[in-house]
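Please read it alongside the sequence and the coordinates.

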Amino acid sequence: MAGSSLGTIFKITTWGESHGKGVGVVIDGCPAGLPLCETDIQKFLDRRKPGQSRFSTPRKESDTVEILSGIFEGKTAGTPISLMVRNENQRSKDYSEIASYYRPGHADYTFDAKYGFRDYRGGGRSSGRETIGRVAAGAVASKILEEMGISILTYTRSIGPVTISDERFDPDEICANPLYMPDAAAASKAQDYLNHCIQDQDSSGGVIECGQTQWDPRAPR
């Protein structure tokens with residue numbers, strides 16, 4: 001199966017399944033001498049951790065990252081960095097019922113059609129849990145950018161029909177609501193909308209936006 005590696009100079013390869021022993025990433029191409037510890041990575045993983053609100057998956061995981069290689073005396077060694085998060089809430093039996101049918105809105109059918117084989121325990125590699133490796137690698141990339149004087153700001157721009165107002169854009173509001181929207185009024189409307197979706201047993205998409213912290217989203221595009 002291809003598609004688990006990204007990048008050329010800074011290259012990452014994610015690994016693991018939703019209900020395997022763990023998930024993680026191997027990063028190749030990180031320069032030596034970069035100060036790096038688990039805390040630098042954990043703060044990013046904490047933002048994507050499941051079970052933080054009723055609008056995300058109820059799965060409970062600490063998502064505690066472990067650095068397995070590539071670090072010596074608190075700095076990168078210039079060798080491959082291996083990061084792992086162990087799966088603690090493994091309840092594969094919860095998925096035994098869906099072994100014989102496909103879930104709408106998931107990659108169950110496409111995996112079976114393409115490979116003739118699928119891991120029905122939460123989708124295996126097609127689970128959102130695979131993004132842990134990408135987020136962890138992004139944390140390391142962000143650390144490199146910080147050394148270059150570049151900081152990144154990321155937030156939710158829209159959920160369903162609700163879009164933030166650039167006039168009310170407030171960076172401090174991003175982590176003040178469970179939807180990470182920089183507009184308190186829009187966040188409130190989006191939560192009401194999602195509550196209706198939950199009542200109707202439906203879901204919703206959204207748009208994520210990111211840029212340098214010096215970038216003004218209110219500037220003309």
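A crossing of two helices is called right-handed if the near helix is turned clockwise from the far one by less than a right angle, and left-handed if it is turned anticlockwise. The model discussed here is predicted, and in it H1 passes H3 in a right-handed crossing.

**Packing of H1 and H3**
- Two packed helices are described by the angle between their axes and by the distance between those axes.
- For helix H1 (residues 38-48) and helix H3 (residues 131-147), the axes come within 9 Å and cross at roughly 135°, and the two helices are therefore oblique to each other.
- On the H1 side the contact is made by Asp 40, Ile 41, Phe 44, Leu 45 and Arg 48, while H3 contributes Thr 131, Ile 132, Val 135, Ala 136, Ala 139, Val 140, Ser 142 and Lys 143.
- Sorted by class, this contact of H1 with H3 has 8 nonpolar, 2 polar and 3 charged residues.

**Cysteines**
- With a disulfide taken as a pair of cysteine sulfur atoms within 2.5 Å, the count comes to 0 disulfides.
- Cys 30 counts as buried because its relative accessibility is 4%, whereas Cys 210, at 52% relative accessibility, counts as exposed.

**Asp 108**
- Asp 108 lies in helix H2 (residues 108-115) and has a relative accessible area of 3%, so it is buried.
- When its neighbours within four places in sequence are left aside, Asp 108 is in contact with Tyr 102, Arg 103 and Arg 118.

Key. Residues numbered from 1 in each chain as written. Predicted model: local features only at pLDDT ≥ 70, side-chain atom pairs only at ≥ 80, totals over all residues. Heavy atoms only, no water. Axes fitted to C-alpha atoms, helices over the stretch in contact; angles between N-to-C directions. Helix = DSSP H or I, 4+ residues; strand = E, 2+ residues; numbered from the N terminus. Parallel < 35°, antiparallel > 145°, perpendicular 65-115°, else oblique. Contact = heavy atoms within 4.5 Å. Nonpolar A, V, L, I, M, F, W, Y, C, P; charged D, E, K, R; others polar. Buried < 20%, exposed > 50% of the residue type's maximum accessible area, 1.4 Å probe, protein only.
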